[in-house]
Amino acid sequence: MSSIGWGKSMQPGKVVKAAFSGVLAATAALSFAAINVGISGVAYAQAQGGILIQQVLVRGNQRIEADTVRSYLVVQPGSRVDQQSLDVALKTLFGTGLFEDVNVSLNDAVLLVEVKENPIVNRVIFEGNKRTKEDKFTEEIQLAPRAIYTKAKVQSDLQRVIEVYRRSGRFAAAVTPKIVELPQNRVDVIYEIDEGPVTGVAKINFSGNEKFSNSQLNDVVLTAESRWWNIFESNDNYDPDRLEYDRELLRQFYTKQGYADFQVVSAIAELTPDREDFFITFQVEEGPEYNFGKIDVKTTLSKINSELLESSLPIRPGSTFNSELIENATESITYATGISGYAFVDVNPRLKRNVEAKTVDITFEVNEGPRVYVERINIGGNTRTLDTVIRREMRVAEGDAFNRVLVDRSQRRVNGLGFFGQVEINELAGSAPDRTILDVQVQEQSTGSFSVGAGISSTDNFIANLAISERNLLGRGQFLQLDLRASSRTRQANLRFREPYFLGRNLAAGFDIFNSNVDFQESGFVRDSLGAGVNVSFPVSESGRLGLNYTIRNDDVLIETGGNQFVNVNLDPTSVLIPGATPRSVTLDGSGQNLVVADFCDFIINQLESTCESRGQFLTSALGYSLSYNKLNDPFFPSRGWRVGFSQVFSGLGGDVQNLKSQLQAAYYRPLPFDMVGTVKMDIGYVDGWSDDNVRISDRFFRGASSFRGFEVAGVGPRRVFDQSVPGGSRGRALGGKAYAVGTLEALVPLPLPEEYGIRTALFTDFGTVGIIDEASKGLNNDVTQFVDFDGDGIFDAPVQDDLSIRVSAGLSINWRSPFGPVQIDLSEVLIKEDYDQEEGFRFSAGGQF
């Protein structure tokens, strides 16, 4: 007899406790249950070729039939056995996982097999899991009610539970299994959990980086440093899988900037002694910056030539190396060959580095590939999002030819929805060699938000907002938002809805309902607007989009006239100077009569105030379109690329307003020496009335403050000025302009400060002009008696100033990502201006969400 054992046998009614915790549990020894092998009777040495078995007896089985036990044996009645065959029989029985104990004995010609069955799991219970739902564990573990219990499964499940906690950043979690025996050979499996604290990321360090700062690289990786105020950050814990993804993000970032030899040498995570935080260090090798060298296309396809394919490539020799452009070039070749009738094409870009010249030559080898078709597309993990939302982002469909480029693009598009924390598309074998199955697995994440914000600025004083939004309404991919904002001069409410695939087509459609009340103090009017709009948009290319919109809006404009001003009214041959004229009455001293007028603007329309024609209620019915292209490398902090957008709005489909408004915005970003980023921006607009309709003040363009730094809100452009002797006369009132053009040159300058401060600075210069108003709004200029000395030089000037002249300002802009939201400070100096422009050397704004 010989035996091999683990622990002691379980006894009914008792609790057997085996403690495992942390990483030590992963190294716990795995042993077999008691195995007793006894062989008696005729010795093997006396039996040439083994002993002939006449009978196999099975004892101790309860649930499992004896014939089932015999079926697992290689030894059957009528066969001969030896020591080797008995060893195989034992290993086979234990390999089934059905038995806790097995005893095999041979007495003469009878083989006796005594077994003790493993218990059946009655329940699996988790205790102490306050932060993690039980569903997270049941998805991972093997044991479940009515499953067969083994100690090996308990050990394996324990490690899986610990791994769940590690993925959520709880590396100090400890799990202790308990087994409670029940009648009828059943057990309850209990996992006692001590979750421990969340293990955060104290610091992310980069070593070997010279071209890009730690702050820039921190923005590239997904893992974030833990900060006590950033309660909404979900990536500020250590996750080994995320760390691998960060390595890939760094590689993509560098290779897009020209560093073809870049590699992450190591990514090390060190746990602090108190086991509460990790220090993560990325060791990188940047290598030299490369440019594209010779670009060539070689193909064996007969219906298309290399020159045609080369013309479709987005790569130009001499430009900075960019791995993304190589992917785009591969896609371009795939589409070009597809148009020519080649559905199965293998595009293989071969790179040749010229280290001395710092160039990379690329040869695209284009050959006809094997024909493989997509048999089926499986989608899993979408517990909330409908299948159709995911399938409509797929660039391949069931029955299509398999195309790696389109599959990769499908993965990016599904991930770009923002509904999922992780998206994977795997290829599975189909029913035939030329068939493949695409398995799309997603991991849902939260898409709803509720935010309350507050802030201050030098324009609006106190600002508050409340916003509720859902980006994946009812799992259909729809967007719904309610946004409420208020400040010292603005009240606004906006309800917005967007359906990204209207009528099942790649056509986004939505509507807006809005109400706002804005006090334009600088222009002396208040506008109360109530309206609604509908819009549709669709892609015209991978980076371009065309939109159409219709808006109907009712504006109630109140004009503040008179006030503490001296107004010269020519009602008779004798000019009368009237101090303190009000919007509702005019007093005539010469005749001794008191004339009460129903409306001040009706009485002196365009004679005393250039904005009087804009007061009252107006209904605007407008149809517009927009066309935009975006080639930026990062939507939030771009360092390379460009974007451009053009829009026009035609007002006059009914209503009271007839005008055409056009606007063009463009920006170009490029890296500069010393880790700086250069930016060139241009913003141009023009509006003009038609059918003899003038452009009202509420429809004109106003520039200043954030749109033209160095000047106050509406501080640039046409202005109604008053005599300097009148209180506030030198400031006058902004009238806005029908045209504007504002450009910006900006250089983002890195600071020698710790990156965690989140401070970005930029040197800038803004230049441009605002001007042109209708002649009807310059009625005051036709009467020399209305001329005023607004600048105190002793010369009387026209009361409506409108000079389409260039203004220039320069300064320093500071942005701080503070714990309480973004803070923006602009320090400006005006270099060129008009005397009636209103300057603002310091501008401040701050706010955040909580």
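Two strands count as paired if DSSP finds at least two bridges between them. Strands (E, at least two residues) and helices (H or I, at least four) are DSSP runs, numbered from the N terminus. The model is predicted, so local features need pLDDT of at least 70 and side-chain atom pairs pLDDT 80 or more, while totals for chains, interfaces and linings use all residues. Residues are numbered from 1 along each chain as its sequence is written, and side-chain values use heavy atoms, without hydrogens and water.

**View 1. The open sheet S18-S20-S19.** Three strands line up in the order S18-S20-S19, with mixed pairing. Strand S18 (373-380) and strand S19 (420-429) are the edge strands; each has a single partner strand, so one side of each lacks a neighbour in the sheet. On average, neighbouring strands here are turned by 20° against each other, direction ignored. Axes are lines fitted to C-alpha atoms, for helices over the stretch in contact, and angles run from 0 to 180 degrees between N-to-C directions.

**View 2. S19 against S20, with helix H10.** S19 and strand S20 (residues 435-444) run antiparallel and are joined by nine bridges. Val423 has Val442 in S20 as its bridge partner. Helix H10 (residues 404-416) lies across S19 and S20, at about 155° to S19. Contact means heavy atoms within 4.5 Å.

**View 3. The open sheet S12-S14-S13.** This sheet also has mixed pairing, and its three strands follow the order S12-S14-S13. At the edges stand strand S12 (200-207) and strand S13 (263-271), each with a single partner strand, so one side of each is without a neighbour in the sheet. S12 and strand S14 (residues 277-285) run parallel, joined by seven bridges. Ser207 stands opposite Gln283 in S14. Helix H6 (residues 240-256) lies across S12, S13 and S14, and runs at about 150° to S13.

**View 4. A nonpolar surface patch.** Ile468, Leu480, Leu482, Leu484, Leu495, Phe511, Ile513 and Val534 make up the patch, with about 580 Å² of accessible area together. Patch residues have over 30% relative accessible area and no salt bridge; like charges are joined within 9 Å, nonpolar side chains (Val, Leu, Ile, Met, Phe, Trp, Tyr) within 5 Å. Areas come from the Shrake-Rupley method with a 1.4 Å probe; for residues, only the protein chains shown count as cover. A salt bridge puts a side-chain nitrogen of Lys or Arg within 4 Å of a carboxyl oxygen of Asp or Glu. Strand S23 (478-487) and strand S25 (508-520) each supply at least two patch residues. S23 gives the largest share, three residues.
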